[in-house]
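Open the structure in your viewer and keep the selection tool ready. Each stop below says what to select next and what is there.

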Amino acid sequence: MTALALVKSHYSHQLSSTAMAMCSSFCPQIPNQLRARPICPFPPKPLFTLSVNAFSSQTSNASAKADGLSARIGFLGLGIMGSPMAQNLIKAGCDVTVWNRTKSKCDPLISLGAKYKSSPQEVAVSCDVTFAMLADPESAVEVACGKHGAASGLSSGKGYVDVSTVDGATAKLISGHVRATGASFLEAPVSGSKKPAEDGQLIFLTAGDKSLYEMAAPLLDVMGKSRFYLGDVGNGAAMKLVVNMIMGSMMASFSEGLLLSEKVGLDPSVLVEIVSQGAISAPMYSTKGPSMIQSLYPTAFPLKHQQKDLRLALGLAESVSQPTPMAAAANELYKVAKSGGLSDQDFSAVIEALKAKLQNPAK
Ligand SMILES: NC(=O)C1=CN([C@@H]2O[C@H](COP(=O)(O)OP(=O)(O)OC[C@H]3O[C@@H](n4cnc5c(N)ncnc54)[C@H](OP(=O)(O)O)[C@@H]3O)[C@@H](O)[C@H]2O)C=CC1
Ligand SMILES: O=CCCC(=O)O
């Protein structure tokens with residue numbers, strides 16, 4: 001890390017501390033445990049030079065006392081997100097054991113030095129801390145609590161970190177199974193997509209056992225740029241769903257704007273440029289806008305997962321009688337896109353749901 005980068009990161013930390021202080025005085029009713037804050041002041045990766053394999057041969061429970069980098073790490077679920085996350089752990093020198101339902105996705109990681117086990121249970125037995133990055137609540141529960149699931153291999157002193165995006169009830173269900181074995185549980189869904197996962201720039205929204213959070217922190221710092229500890233299990237899921245609810249509506253609204261600009265004779269690429277310079281700029285618009293204009297949707301965040309998150313966010317809103325008409329409307333649009341066969345395309349393909357072909361499928 002250059003001196004300039006260090007100064008910059010320190011300065012941005014100072015700014016966020018100031019913002020936090022302002023938040024505290026403006027929102028005194030927010031309980032302390034819900035005041036999310038980045039725990040690590042500096043991006044840790046450039047400072048990370050430790051070789052960790054030297055510590056990785058300890059046996060099961062005793063080794064959980066070791067810090068995260070020296071732990072034996074399991075990784076379950078090697079899709080778009082899980083693969084690069086596990087890869088970054090391997091590249092950082094960690095001792096990683098992988099499992100994926102479709103075994104072939106393990107092969108590139110095995111080539112990089114990962115070990116392989118043939119079930120989540122075996123991974124959990126052989127590791128100190130096991131991460132899971134699964135598609136949805138159903139798969140997260142199956143992998144954690146099903147036959148030969150991770151919980152059946154957990155015991156006191158081990159940890160299970162679920163980084164999948166699920167709802168709070170699912171996180172609590174998994175937490176219950178994990179804690180019943182004597183192991184610790186942390187939910188840690190992530191903000192950031194394929195590229196941030198590859199670059200180790202994810203944002204972790206964690207909740208659950210604080211001791212596991214502290215133990216796993218160096219591992220989260222290998223995979224991410226910041227982490228928030230939000231208190232009790234369920235708060236991580238809720239925060240993630242609120243963030244993705246906003247994102248899903250933003251993308252739906254952006255899609256309407258792109259198509260409207262084109263229809264009234266404007267150049268949508270000029271719209272993208274104008275948006276990117278103004279108060280509503282967001283990296284999402286400038287990175288995805290140009291390909292959306294060409295009707296190309298290379299998958300970073302699958303549309304089916306965005307619709308899942310909107311569905312779960314609507315459930316969360318329902319649970320507290322919060323009106324969310326924008327999210328409800330956006331959800332309908334993603335459902336149309338799914339029915340139109342776009343589930344596995346990037347979520348920016350929701351724009352197709354506004355085009356004549358999907359609006360009037362009979363024509
Ligand atoms: N992509 C993104 O930008 C982001 C995604 N997320 C969230 O992260 C999670 C993973 O996303 P992503 O990697 O994109 O998704 P993918 O669809 O690429 O990967 C899903 C993973 O879940 C596994 N899986 C699905 N069903 C089952 C099952 N029944 N039993 C066992 N394993 C199963 C898949 O295994 P198999 O290979 O065999 O199909 C695969 O490993 C989701 O919850 C998503 O919402 C969060 C932030 C960003
Ligand atoms: O859950 C997916 C989030 C994608 C992103 O944060 O860019």
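Select Ala328 and count its surroundings: 14 C-beta neighbours lie inside 10 Å, so Ala328 is classed as partly exposed, a class that falls between the 12 or fewer of an exposed residue and the 20 or more of a buried one. The model you are looking at is a predicted one. Ala328 belongs to helix α14, which covers residues 325-339. The C-alpha atoms of Ala328 and Leu310 are 7.8 Å apart in space, although 18 residues separate the two in sequence.

**The whole protein**

Zoom out and switch to a cartoon view. The protein has 15 helices and nine strands. Of its 363 residues, 45% count as buried. Consider next the contacts between residues at least 6 apart in sequence: 66% of these join residues at least 24 apart.

Where they touch, domain 1 supplies 12 residues and domain 2 supplies 14 residues. On the domain 1 side of this contact there are five nonpolar, three polar and four charged residues.

Select residues 95-99, which form strand β2. Is this strand enclosed or open to the outside? Five of its five residues are buried, so the rest of the structure largely encloses β2. In a regular strand, side chains alternate between the two faces of the sheet. In β2, Asp95, Thr97 and Trp99 lie on one side and Val96 and Val98 on the other, and both faces are covered.

β1 and β2 pair in the parallel sense over five bridges. To see one position in this pairing, pick Gly74 in the viewer: it stands opposite Thr97 of β2. Next, show helix α3 (residues 82-91). Together, β1, helix α3 and β2 form a right-handed β-α-β unit.

Now select residues 115-116, strand β3. This strand runs parallel to β2, and two bridges join them. Stay on Thr97 for a moment: its bridge partner in β3 is Lys115.

**Strand β9 and its partner**

Move to residues 224-229, strand β9. Five of the six residues of β9 are buried, so the strand is mostly covered. Strand β8 (residues 202-208) runs parallel to β9 and is joined to it by five bridges. Select Leu202 to find the residue that stands opposite Gly224 of β9. Then bring in helix α9 (residues 210-223), which makes a right-handed β-α-β unit with β8 and β9.

**The ligands**

Select ligand 1 and show what lies around it. How many residues surround ligand 1? There are 26, and the closest are Gly79, Arg101, Ser139, Ser193 and Phe301. By class, this shell divides into 11 nonpolar, 10 polar and five charged residues. Return to the domain colours: domain 1 and domain 2 each give at least three residues to the shell around ligand 1. Helix α6 (residues 137-145) gives the most to this shell, with three residues.

Go on to ligand 2. The residues around ligand 2 are Thr165, Ser191, Gly192, Ser193, Asn244 and Phe301. Which classes are found in this shell? One residue is nonpolar, five are polar and none is charged. Ser193 and Phe301 were also named among the closest residues of ligand 1.

**Two residues with positive phi**

Select His148, in the loop between α6 and β5 (159-162). Its phi is positive, about 60°, although His148 is not a glycine. With 13 other C-beta atoms within 10 Å, His148 is partly exposed.

Finish at Ser295, in the loop between α12 (283-293) and α13 (303-319). Is Ser295 buried or exposed? It has 10 other C-beta atoms within 10 Å and is exposed. Like His148, Ser295 is a residue other than glycine with a positive phi, and the value for Ser295 is near 55°.

Notes:
Residues numbered from 1 in each chain as written. Chains lettered and ligands numbered in written order. Predicted model: local features only at pLDDT ≥ 70, side-chain atom pairs only at ≥ 80, totals over all residues. Helix = DSSP H or I, 4+ residues; strand = E, 2+ residues; numbered from the N terminus. Near = placed C-beta within 6 Å. Nonpolar A, V, L, I, M, F, W, Y, C, P; charged D, E, K, R; others polar. Contact = placed C-beta atoms within 7 Å. Domains from an automatic or database assignment. Pairing = 2+ DSSP bridges. Right-handed = clockwise from strand over helix to strand, strands pointing away.
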